[in-house]
There are 2 protein chains.
Amino acid sequence: MAFFDRRNLDFILYELLGVETLCGHPRHAGQDRAMFDGVLDTAVRIATEHFLPHAAQVDATEPEYDGTRVHILPQVKAALDAYREAGFMAAAFDADVGGLQLPWTIAQACGAVFAAANIGTYGYPLLTVAAANLLRAFGSAEQQAAFLGPMLEGRYFGTMCLSEPQAGSSLADIRTRAQPAAEGHYLVRGSKMWISGGEHDLAENIVHMVLARIPGAPAGVKGISLFLVPKYLPGVNGAPGVRNDVALAGLNHKMGYRATVNTLLNFGEQGRCIGYLVGEPQRGLEYMFQMMNEARIGVGLGATMCGYAGYLSALEYARGRPQGRLPENKDPTAPQVLIIEHADVRRLLLAQKAAVEGALALVLYCAHLVDRRRTAADAAERERLGLLLDILTPIAKSWPSEFCLEANKHAIQVLGGYGYTRDYPVERLYRDNRLNAIHEGTHGIQGIDLLGRKVTMRGGAALHLLLSEIEATLAEGRGHAALDEHVASLAGACARVREVTAALSLLPGEGRLGLMLANATVYLDMLGHVVIAWTWLRQALVAERALAAAGEQHDFYIGKQRACRYFFRYELPRVQPWLDLLARFDDTCLTMSVAAF
Amino acid sequence: MAFFDRRNLDFILYELLGVETLCGHPRHAGQDRAMFDGVLDTAVRIATEHFLPHAAQVDATEPEYDGTRVHILPQVKAALDAYREAGFMAAAFDADVGGLQLPWTIAQACGAVFAAANIGTYGYPLLTVAAANLLRAFGSAEQQAAFLGPMLEGRYFGTMCLSEPQAGSSLADIRTRAQPAAEGHYLVRGSKMWISGGEHDLAENIVHMVLARIPGAPAGVKGISLFLVPKYLPGVNGAPGVRNDVALAGLNHKMGYRATVNTLLNFGEQGRCIGYLVGEPQRGLEYMFQMMNEARIGVGLGATMCGYAGYLSALEYARGRPQGRLPENKDPTAPQVLIIEHADVRRLLLAQKAAVEGALALVLYCAHLVDRRRTAADAAERERLGLLLDILTPIAKSWPSEFCLEANKHAIQVLGGYGYTRDYPVERLYRDNRLNAIHEGTHGIQGIDLLGRKVTMRGGAALHLLLSEIEATLAEGRGHAALDEHVASLAGACARVREVTAALSLLPGEGRLGLMLANATVYLDMLGHVVIAWTWLRQALVAERALAAAGEQHDFYIGKQRACRYFFRYELPRVQPWLDLLARFDDTCLTMSVAAF
């Protein structure tokens, strides 16, 4: 079953991004494309052999809690064992902590393969890497010695414990408390909700990264500290010792993404939950946010690949299913055509192709920014790349969550009634993907992050930089007659974005911050469409240049140009009404009275 | 739990449509609003007591086939027994066949209540009424005597057997055969796929309405005849007799809509499947299509109510869940606000309100057209109403299937992580609703029906009539300053629709039918937005007039005006890019090569 398109991944990595140029930097010395390809080959093999086969089964038999332990389909552990044994957990980590020090772009490309095969099973390493990143950046040498190594070996798994039953989007309101104990550790008490991977027997230990307040800390987000709370306390010789006071209070039963067990955890029910402060007190949320770019790009990648796997299923089906005749053919005895011949099925497929290939190009571009920043020649360049990454992150998280979900909806439509059954993966992928607009900051939160913070920070420097990058691509495109129409459309959109953003930016100074943010989500979708149009223009440019000598690859590049045209004609025009709405500071939603609903 | 809004249903029935004026016609003599209200009260009671309580449970425990019989959660039968006993099956049928002869609008309003409570369980009467309608219109007196009465009493259920495993959208290619037998009946042989309600013990008998070919019939849709194939043949005294040769070959396991068992049926495996020809040979599809308006409006109603129930759940949640503070409030010790105070949550709620209340107004307007046509004073008026109904039917079916599904997506978002769990109904409603764009003619098929048939037929008479109706509303709106902006927007859109449609209509004559239909789905969505804007303008006009004397109803009417404004500012502007695309006869999808995907 097609779940993944290696040709296009290679196109993005090597033809669009030129990832192998990273090998010129000392950090990646000795690495080359052949090495990257080998790693990708291994990812494809393990994903195909171990992740894909149980994706439907684990959806049908979700994790269960019998009051004593959590039961998870055994194939999940087998897949994760294969993943661990191949060394993927440590792929992008530094050599000095046992990592392979591969570019993060390559690690994410591998993640794309696993997410496409089975996003729920891939959830465990995704979270473990996020927790390990935190520990690597802010944990003490002692904490790293005890926990980081086993995590990178995949023997310990990690979780991120932020939300509570009464505090999801509003972390300022978390109630979990951490009381200093005489021994130097803290006693943690509180409940954490929506904890993915919170309890299972898939690993020797679980390392919870927990946000909590130390008594006396200021109210709000500035009073939050970060704690490492292991399921098992360190025992003799570093092996897991006695069980810590972390109790599973229940499982959440989800619409999809079911291989990843999701839990409500009670910390300190018996008053003996030991936690270790990570870094300095009251900097917990700041630490989290420093790791947030990577985590949010990871969510965007997952959303992209749910959509991508759906697209490939729909494409395979459309290429094999005969049904009906073309409109001009009124002869009922003529043979039926394959449904891919029907214009509306092609529309559904092009819509998916434009969404998922556009999103993948964006997400891997962001991953490449992480690598480029890490290997930048100087501080100015590092700052520039960091700014770009900051403004693109909410888009890379949100656009795929919204529009690759739409792709999943289209995939079901291509299969018709069959797509609505559990005999094909498309309905599951649609259900899996629906989570991505919710976790790691909802769609609405991303909009506020983008317009309320990223766009306005430093006098609008990040947006200015992004638009300059887009305009550099426009300049490149101007030489190509085939792209003229698109260049003009995108140039017009960029000019309007500048103008409307400038007008919006004045509102906070007039005491109208709420009005500025009233349509932040519309701004998010709008700028997302502009950015995806940009990734398409860049792909079309590469295709344009490659076409001259393309040979048997001709169709591939034609497909790129056509998907670009689709996006520019069917999708980019949506930004005009969005910009109109933003330009008028529309307050329809802001001022709607509660009683009038 | 809120699943249904009686106040708004009354608004649409009485303030917007003025349904009670039908009582002036002999067909509805002796009926009045009090009677309608009583019927609706009963529907609400039965839906609340018998349909709603098991909606989640039947989703979790879908119908199962043990090789001998189909097991369905017992509450489904209990609910259908209550429905039958209250006489709902025959609500809109003529008194002379035992019906209550209520307006179809009132019957549909009751259907709205049942669909909102539990669309899967409501599927059985929905199908039974559709089959009974066919039988009533085209069945012989003998067939009606044997089957129609028990169906209207709810003792026999019905099915519609059109699709086959190899023929879904393309009915021209069905293979089921009906061979005349000496006794006057036919021997039916073939497989029928996606048959809802195809096998169960919920009723004494199942009446399958089956499309099949008589040997020697012409190829294509013109060679299809309609047969009545009962599960049990008529026995002594009309009671169900011996079992007919209809075998359950398997169940389809769906993403949602699970209370309605969906089957693959084999007819005539043992060569003794008896079917009775309905009406004349080779007119089967014609008969089906004469009943199609009602069936498709029924699908649109179901889609609307899935979205509506989701909206009310989200609204209830948003009114009770505290989270975060408004952007201007930087004090973390200030109490949290209810999430309905957040502009983006209000946006999500207004988007749902605008979609579901707009769609319900359209669907019930269409139902009212059916009643008005049936009670029209003369043939000219009957024809006029029939034309309006013809052009609105694909929109009434499709717009809710697409945009009330979007509402379900938003409902999940309002609840955040909770919305993604099975503890709340919103994720189930999203899954249930996804079927509606597929069955009874896919979204793409509706687009072709609209642009390729309804819009162009009789020199464009139906579209002309629809636009004239819209323009009559615009004329009414011109006196109201509060609506000026909306009147101008909709007038502009209508003018452009005329112009673009005229250009598209020339294409078939130039041998470019395929090009005209290449963006038929875009045309469908576009005209749908125009029509929903119209229903909103009409609702806003009623609200405008009512506000003067509204008293405690003030907020309700303000809500109508605000939802109207939302739709005109956030949704109607989407038609411009759609019209641009249509105006340029875009062939991006039509000419995409298969190899380039």
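## Charges over rings

In this predicted model, the charged end of A:R33 sits over the ring of A:Y14, at 3.7 Å from the ring centre. A:R33 also takes part in a network of salt bridges, together with A:R6, A:D10, A:D37 and A:D41. If you click on A:R33, then, you can look at both the ring of A:Y14 and the linked charges of that network.

A second example is found at A:W534, where the charged end of A:R538 sits over the ring, 5.0 Å from its centre.

## Aromatic pairs

How many aromatic pairs does a search of the whole structure find? Over all chains, the search finds 51. Take A:F11 and A:F556: their ring centres are 5.4 Å apart and their planes stand at 65 degrees, so this pair is edge-to-face. A:F11 belongs to helix α1 (residues 6-16) of chain A and A:F556 to helix α16 (residues 554-571) of chain A, so the pair ties together parts that are 545 residues apart in sequence. Both A:F11 and A:F556 are buried.

In chain B, the rings of B:F138 and B:Y287 have their centres 4.1 Å apart with planes at 15 degrees, so they are stacked. This pair links distant parts of the chain, with B:F138 in helix α5 (residues 104-138) of chain B and B:Y287 in helix α7 (residues 284-320) of chain B, 149 residues apart. B:F138 and B:Y287 are both buried. Back in chain A, one aromatic cluster is formed by A:F51, A:Y83, A:F88, A:F114 and A:Y122.

## Two copies and their axis

How do the two chains relate to each other? A rotation of 180 degrees, with 0.0 Å of shift along its axis, superposes chain B on chain A with an RMSD of 0.0 Å. The two copies are thus related as by a two-fold rotation axis. Among the residues of chain B, B:R574 comes closest to that axis, its C-alpha lying at 3.4 Å. Both copies use the same surface, since 100% of the contact residues of chain B recur in chain A.

## The interface

The contact between the chains involves 98 residues of chain B and 98 residues of chain A. The size of an interface is often given as the accessible area lost when the parts come together. Here chain B and chain A bury about 8,500 Å² between them, with 56% of it on carbon and sulfur atoms. The interface of chain B and chain A is crossed by 12 salt bridges. A salt bridge joins A:R584 to B:E485, with the closest N and O atoms 3.3 Å apart.

## Salt bridges within chain B

Side chains of opposite charge can pair when their charged atoms come close. Over all chains, the search of the whole structure finds 94 salt bridges. In one of them, B:D449 pairs with B:R453, with the closest N and O atoms 2.7 Å apart. B:D449 and B:R453 are 4 residues apart in helix α11 (residues 443-454) of chain B, so about one helical turn separates them. Are these two residues buried or partly exposed? B:D449 counts as buried at 4% relative accessibility, whereas B:R453 counts as partly exposed at 45%.

The side chains of B:K353 and B:E357 also meet in a salt bridge, at 3.1 Å from N to O. They too are 4 residues apart, about one turn of helix α8 (residues 343-374) of chain B, and both are buried. B:R283 forms a salt bridge with B:E280, the closest N and O atoms being 3.4 Å apart. B:R283 is partly exposed with a relative accessible area of 27%, and B:E280 is partly exposed with 44%.

## Positive phi in loops

B:Q282 has a positive phi of about 65 degrees although it is not a glycine. B:Q282 lies in the loop between β12 (274-278) and α7 of chain B, and at 35% relative accessibility it counts as partly exposed.

In chain A, A:E440 is likewise not a glycine, yet its phi is positive, near 60 degrees. A:E440 is found in the loop between α10 (426-433) and α11 (443-454) of chain A, and counts as partly exposed at 27% relative accessibility.

Key
Residues are numbered from 1 along each chain as its sequence is written. Chains are lettered from A and ligands numbered from 1 in the order in which they are written. This is a predicted model: local features need pLDDT of at least 70, side-chain atom pairs count only at pLDDT 80 or more; totals for chains, interfaces and linings use all residues. Side-chain values use heavy atoms; hydrogens and water are left out. Rings of Phe, Tyr and Trp (its six-membered ring) pair if their centres lie within 6.5 Å; planes under 30 degrees apart count as stacked, over 60 as edge-to-face and the rest as tilted. Helices (H or I, at least four residues) and strands (E, at least two) are DSSP runs, numbered from the N terminus. Buried means under 20% relative accessible area, exposed over 50%, partly exposed in between (1.4 Å probe, protein chains only). A charge sits over a ring if NZ of Lys or CZ of Arg is within 6 Å of the ring centre and within 35 degrees of the ring normal. Copies are superposed by least squares on the C-alpha atoms of residues with pLDDT of at least 70 in both. Contact means heavy atoms within 4.5 Å. Buried area is the accessible area (1.4 Å probe) that two parts lose on being put together, summed over both. A salt bridge is a side-chain nitrogen of Lys or Arg within 4 Å of a carboxyl oxygen of Asp or Glu.
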